[in-house]
Amino acid sequence: MALDILPDDLIVVILGSLDVCAIVSLRRVSKGFDRATRLRPLWVHLVFREVRGRRLSWPSYALPLTDVPTKTIEEYVVRATKADRQCAKGSELHVRKFSRCIVRAPNSIGWLRVVKGRWLIMELRGEQLEVWDLQQDQGSEPVASYRGLKRDIDGSCVDASAASSVTIILSTSTQRSSVIYFFSINLSHLGDFGPTPNFVLLDTFEGYSGLLDARARLAVFSCSASKRMPLVRDMRTGSIVYLRSFEATQRPQRLLSAHILKEYIFLMGPWTMEVYPITKIRSLMQGDPEDISPPVTHASQSLVYPGGEMANHVTVLDHHPDLSEPSSWNGESGFCLGVYVKRSTYWMLLHVRLDAGSDSSTFIYSIHPLFSTTGLRTIACCWGGSGQRLLLAVSHRGSIQVLCGGTPIESKYLYPDFEEGLAFEWHAIPDGEKDLFAGFAFDEASGFCVVATSSSRIWIDDFSSPSSSACKHPKENLHSMKIPLHPDPLWPLLHPLPWPAHDFPDNLLLALQASAPMSWSTEVDYNFPKMNDPECYGGARWFVNEALHVPGPASLVMFTVSALRLGEASTRIIQVSSGRLVAVETDLNSWSYNVKLLPSDIRLNQIPDLLRHLVSVRRAAGVDLNVDLTVVRRYMFWRSKVEDDQFLSLGLW
């Protein structure tokens, strides 16, 4: 068949009805077929047939299609269809091996991100940024680096919408100071060729930390150096506006995520999602220039999560109306969230959008149930951009294992087990029984999965390709490393183990328990040294900030003597930044916690009599707080590596 005599539009019609793999295979037939199968209109047609038609993932950085090279469009279509075929319902579970390993200095890996489906950008703690090309199977050195970071990254925003230039905004902080960095770097698309990447530092400024989102000249931060309150900063003028909660809620909350829509800013905390109109924020930024104190605005609306429950994990997902959403979906007036509700261990998607029946300024959401992860000892998670796939790192037989599950299509249960829709499972991380989990990066569209460990081994796989032979293990032996592995360098102090620091005689403990149902102690420094150090991993502030998602200083002030023996039910009283007291009770019947933020009028000396009368913290007045068990499991996973104790398997702090 002489394809050269046919017009291109007719070739697109003929070849466009074939399977993607068949189209690629035709290139080996003749030069005419090779040219025909590379036509741009053909691959644009396949984007809408194979990606939109089957609701597969398409990355935001590959939009609009007019700005994307044909080779890149082809690459993503092929990868999407291959990954979908491997994840097809009814197919066998694919057990994979990591195909590549990058080794850096121990305990050095901090922030990491896959950009444009091809480039792995990572931070080496307090030192530098590095860029690695995942499209290259080999390579022991980064393709670009930047030295000059002097603090740990605590927030980021990557804008890869431009054809080649990528803007990276990083917020970095220590206990005493914070700096914001603006970088530009040229990064070509997957399958494309371009100039060698090179970091260009555009600007820096100080005084803000916890970057959550940045768009349209606005940036949202968790707090400033002068006030522990979220704020919006105009990146050109420097004007700021603080954001205050819609309600005078009794629940202190640390922000989990933020999203800047066209005309609104959304702040997602553990309890609520709050809406702030940008028009009002901009008008306040243009206020009286002689006013020294920055203005404060209140949320116009507060949305409670389903069932009024606490969310331990909230991620803004990458849904795009021109490729993956129905025509009725307006991408400028809505977005999608991936939410994990701890109490019921449910994962769900929330489609947040303007209520069409209202005055066009009220938001509502619809719930799309996904799955339950009950029974999995999850220590970390990472969403794919579209929300169709989720990676979990789990503690399995003392090692680290990675699972990839897909959104359930058909199930007789409302929230089926995550393992019912399992698509991929990686062999346990090599030497995982000696190592610690450090971080995830995942690009659903390209298929690259990156897992970093505390030994600073970065394990890489591309699940859109057939599972290949495992990469060679690094020669270094983890047992021979002189530097102890660190679970989270953001909390630099590791407490002396074991906790408690002193043996408590069993006969004395039994005598105290027999004489009174609850015997209390305030000797925190003696029994739990470093517990109240603000930089201590596993300390009181760590537990309150990370596991309870409550910001600010915290200190353990009192505990039941049963806390001096692992495996015993106990109650601990922690004072948080507002001066209020939090009661943390371990429940050995369900291996969980009962946590209550006590009323502001409750004093420490009242607690022994109060809880003795109520028997359980659950019955006390106050606000219920949930514990992020993923955080606690990572802590206990670390303790199990450095302590040899049978009770550590209980997984309680």
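Me: Which residues of helix 11 are buried?
Reply: This is a predicted model, so to speak of local features we need pLDDT of at least 70, side-chain atom pairs count only at pLDDT 80 or more, and totals for chains, interfaces and linings use all residues. Numbering runs from 1 along each chain as its sequence is written, and side-chain values use heavy atoms, with hydrogens and water left out. Buried means under 20% relative accessible area, exposed over 50%, and partly exposed in between (1.4 Å probe, protein chains only). With helices taken as DSSP runs (H or I, at least four residues, numbered from the N terminus), the buried residues of helix 11 are Leu 629, Thr 630, Val 631, Val 632, Arg 633, Tyr 635, Met 636, Phe 637, Trp 638 and Arg 639.

Me: How many of the 14 residues of helix 11 are buried?
Reply: Helix 11 is mostly covered. The count of its buried residues is 10 of 14.

Me: How far apart are the end C-alpha atoms of helix 11?
Reply: The expected span is 1.5 Å times one less than the number of residues. For the 14 residues of helix 11 (residues 629-642) that gives 20 Å, and the model agrees, with its end C-alpha atoms apart by 20 Å.

Me: How many salt bridges are there?
Reply: The rule asks for a side-chain nitrogen of Lys or Arg within 4 Å of a carboxyl oxygen of Asp or Glu. By this rule, the count is 19.

Me: Are Glu 75 and Arg 79 buried or exposed?
Reply: Their side chains meet in a salt bridge at 3.1 Å, N to O. Because they are four residues apart in helix 5 (residues 70-86), about one helical turn separates them. As for cover, Glu 75 and Arg 79 are both buried.

Me: Which residue forms a salt bridge with Arg 612?
Reply: Arg 612 is partly exposed, since its relative accessible area is 33%. The closest N and O atoms are 2.9 Å apart, and the partner is Asp 609.

Me: What is the relative accessible area of Arg 38?
Reply: Arg 38 and Asp 34 meet in a salt bridge (3.2 Å, N to O). Asp 34 counts as partly exposed because its relative accessibility is 25%. Arg 38 is partly exposed too, at 39%.

Definitions and conventions
Helix = DSSP H or I, 4+ residues; strand = E, 2+ residues; numbered from the N terminus.
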